[in-house]
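Here are a few exercises to work through with the model open beside you. Try each one before you read the solution.

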Number of protein chains: 2
Amino acid sequence: MYPNWILQRAYLTPNRSALTFEGETWNFEQIKEISVQRAYQLSSLGIEENSRIAIIGRSRPNLIFIMYACMHLKCEMVLLNRKLAKDELAYQIQDAEVKYIICDDEDQHLLPENINILLFSTVEMSYGNPIAIDLEWSLNQTTSIMYTSGTTGFPKGVRQTVGNHQASALASILNIGLGEDDVWLCAVPLFHISGFSILIRSLLYGNEVKLYEKFDAMGAVEDISSGRVTHMSLVAVMLERILNGLEENGLMASPKFKIILAGGGPFPKDYLVRAKKINLPIAQTYGMTETSSQTATLSNEDAIRKLGSAGKPLFFNQIKIADTDKPYVEGEILIRGPHVTPGYIGQFAKKSSTIDGWLHTGDIGYLDDEGYLFVVDRRSDLIISGGENVYPAEIENVLMAHHCIREAGVCGMEDETWGQVPVAFVVLKKETTKEEILDYCLDHLAKYKVPKEIHFVEQLPRNGSNKLMRRKLKELL
Amino acid sequence: MYPNWILQRAYLTPNRSALTFEGETWNFEQIKEISVQRAYQLSSLGIEENSRIAIIGRSRPNLIFIMYACMHLKCEMVLLNRKLAKDELAYQIQDAEVKYIICDDEDQHLLPENINILLFSTVEMSYGNPIAIDLEWSLNQTTSIMYTSGTTGFPKGVRQTVGNHQASALASILNIGLGEDDVWLCAVPLFHISGFSILIRSLLYGNEVKLYEKFDAMGAVEDISSGRVTHMSLVAVMLERILNGLEENGLMASPKFKIILAGGGPFPKDYLVRAKKINLPIAQTYGMTETSSQTATLSNEDAIRKLGSAGKPLFFNQIKIADTDKPYVEGEILIRGPHVTPGYIGQFAKKSSTIDGWLHTGDIGYLDDEGYLFVVDRRSDLIISGGENVYPAEIENVLMAHHCIREAGVCGMEDETWGQVPVAFVVLKKETTKEEILDYCLDHLAKYKVPKEIHFVEQLPRNGSNKLMRRKLKELL
């Protein structure tokens, strides 16, 4: 058994700063008091201990207090992605069989109809009858559930347990160290593992999170150059803007600034060279929802020497390439360790997440002769657009449901701003316009998944067994 | 499953310095290579995987290589205390039912006759047939076994598992942080948890250990003032000599020096005030063999404000006082957490180490209103002498086996150098001399356990149920 992170942290370092947002600061004791109060309120409103609920909200302190309250109640929290379309959210809410969605007042319009919504304001203004809060959590208790698509295009709800999060946070320190004055800038979504893991680390490490509601490049430039923060997680599109901001203002990263954890695929060499010039240390990481954040991380020292590599595994993790133990041989990347999800919920609950303890990522890669991982090709032609995972199959499924479309194929196209964007190839069965298809997509898909281009074609490239060859699509661009 | 620490560390940071001893340095790759070679040799000499062996040796690199080799073989290592008398070692060797004792060539004279000894030199010069070394360890595998006495005076072999050591090392960083350049000065015995835990931390953290064969105050003064090391574990008697050394030479601790972990009971305020003057940060800890090192630690900031306190528990641990949840009420100190031993070996194998998951320490203490632990009285009148635990009952058992002694009672006496030393009160049945008794003790007890004074008395103070009242003995001093 392990202690309830929130209570234990407040006991150990009550007066340390835990959270800063728009100039206001909460210490760990305050965070505890508010979250316990919210737990009482949620309980009085009918949220049962150990039940499954969904949460949606903007990256603001009241979202964090609600999350922590649910953790006190040992609820399984389905963290809903605010960027999704109503249809997508409806699927997740139904698949997860949640009784309630606890919803930021400002986000109510994002949700589908006919669901049980509990507004943040309702919770905050209600009377909370005190209940006993468990002092201990078990490692295999599910803390969070995040939906991610796979090869089929059907989103699966991934369980992330107390043990997964804890192992991930601890392994991360063994890699990058820990100081009492560490402050983590959080400008990535809290509903993603990149953001949520910053909260977990804060509780375990006892360090401050400086929270941004939205990414603000000049704010980050100021925080990094002044040494107000020491750590930041980001994706390529954010780094580009921070680099520009620092360079244009003739600023360097503060010597107090320790590391940028950079996710979502390898970074252009140009970024790394520019970062080096202004003393901005960058650790590129390879992680996914199923591994509760980082599996491998490339240290700043190796950034240029091992260009394109995702680094070595964190201490508790193992990486191997399927069917080989030779260096430089490509194959599916397999991952093992206490950070790997025990499995899924809903319609995929019976699907095992691992085979003999190994997570089969679907990604293709190799290890070099020093054991550095290189990711060559993302799973199921995964498109990573501004840090969001976009699965071609998911978009194709939506396109093919359109009454004018016979066949659809989607692939990624390079994009200067977003890294990649999705592009669709469509075989029509009835006449229609590209505009009509795009409107239809906007109704059914998150905006970042809507194809940036639609091409009408006579037929799609298929292999002998009639399987769509998405890589061939790229050649049509 | 968790990775074999030695292999994983060598994979992740092969070139980092792992160990320094008398001017020679080994990196993690070298440590791995030597220890794997030793594992091959031990295996070829008949040491089986998962078997139980004992080890005795001086604090030198070859001891560490043998220990790591045994860890590769997943042996249960009984770490023998070099200061014990032959009788005491014979008891442990018999109780642990070890097939072999792997012995430093220089330590052979410490061991009893008629046991299977494998000398370090024999191992080092033998041919080692390569075998498969497991890449993974399970959390409940026993890494080390250390004997410690209890209320009865009979030493019990305490299991310390992979999970115990790992939880302890990780919780320690959550308390004191971790930097890439951390170097831990080890001048405490490797057969004690204080020293052995420094090795575990080095493997998990990837930091260097600067090993001393024996404590050398002026060496430590030099290392601390120059910033050559950043961390050190010690007991009061060592701190006194380091303080003197720094003061007499007009030296301060280097700003690079981070923390002294000080175990073995509360420290005199005078030491803390003097340490503060020369910028030497001290974290007092409360730990024991059964908890694989620290359970609670008082931060340097609180050293004077919370004088006499052992601090708060480390993150994964819980402390409570039996039969109360009120502050300032004294009672038995109970401990819970992943660092607590699963149990004992040998004749105490069936004795449970915990009740409802709580280790009953036998120590008496209280928590103040902020949750700081104060240890008021040590278990079974435990005497802590120069960092070694001395149990009165164990000495009394030896004394009462003497043919001239009818009754014996032992208590601790304050001592400027050692903190405390044992003193004996004896009721004779036949005439004998104090010298004769002391000679007898030297044959049967480690030197640090031999009473510093023997007093002949007519009777011992006993309570209504005829139980020896050791606290009353102190009044006779």
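**Exercise 1.** Work out whether A:Arg274 is buried or exposed, and find its salt-bridge partner.

*Step 1.* A:Arg274 has a relative accessible area of 14%, and buried means under 20%, exposed over 50%, partly exposed in between (1.4 Å probe, protein chains only). That makes A:Arg274 buried.

*Step 2.* Its side chain meets A:Asp270 in a salt bridge at 3.5 Å, N to O; the term asks for a side-chain nitrogen of Lys or Arg within 4 Å of a carboxyl oxygen of Asp or Glu. A:Asp270 is partly exposed, at 43%.

*Step 3.* Helices here are DSSP runs of H or I, at least four residues, and strands are runs of E, at least two, numbered from the N terminus.

A word on the ground rules: this is a predicted model, where local features need pLDDT of at least 70 and side-chain atom pairs pLDDT 80 or more, while totals for chains, interfaces and linings use all residues. Residues are numbered from 1 along each chain as written, chains are lettered from A and ligands numbered from 1 in written order, and side-chain values use heavy atoms, leaving out hydrogens and water.

**Exercise 2.** Find which parts of chain B the pair B:Glu370 and B:Lys306 ties together.

*Step 1.* Start with the bridge itself: the closest N and O atoms of B:Glu370 and B:Lys306 are 2.8 Å apart.

*Step 2.* B:Glu370 is in the loop between strand 21 (358–367) and strand 22 (373–377), and B:Lys306 in the loop between strand 16 (293–298) and strand 17, so the pair joins parts 64 residues apart in sequence.

*Step 3.* Now check accessibility: B:Glu370 is partly exposed at 35%, whereas B:Lys306 is buried at 8%.

**Exercise 3.** Describe how chain B meets chain A.

*Step 1.* Count contacts (heavy atoms within 4.5 Å): 33 residues of chain B touch 33 residues of chain A.

*Step 2.* Together the chains bury about 2900 Å², 57% of it on carbon and sulfur atoms; buried area is the accessible area (1.4 Å probe) that two parts lose on being put together, summed over both. In chain B, B:Tyr11, B:Leu174 and B:Phe315 lose the most area to chain A, together 25% of what that side buries.

*Step 3.* Look for charge pairs: there are two salt bridges between the chains. A:Arg336 forms one with B:Glu136, with the closest N and O atoms 2.3 Å apart.
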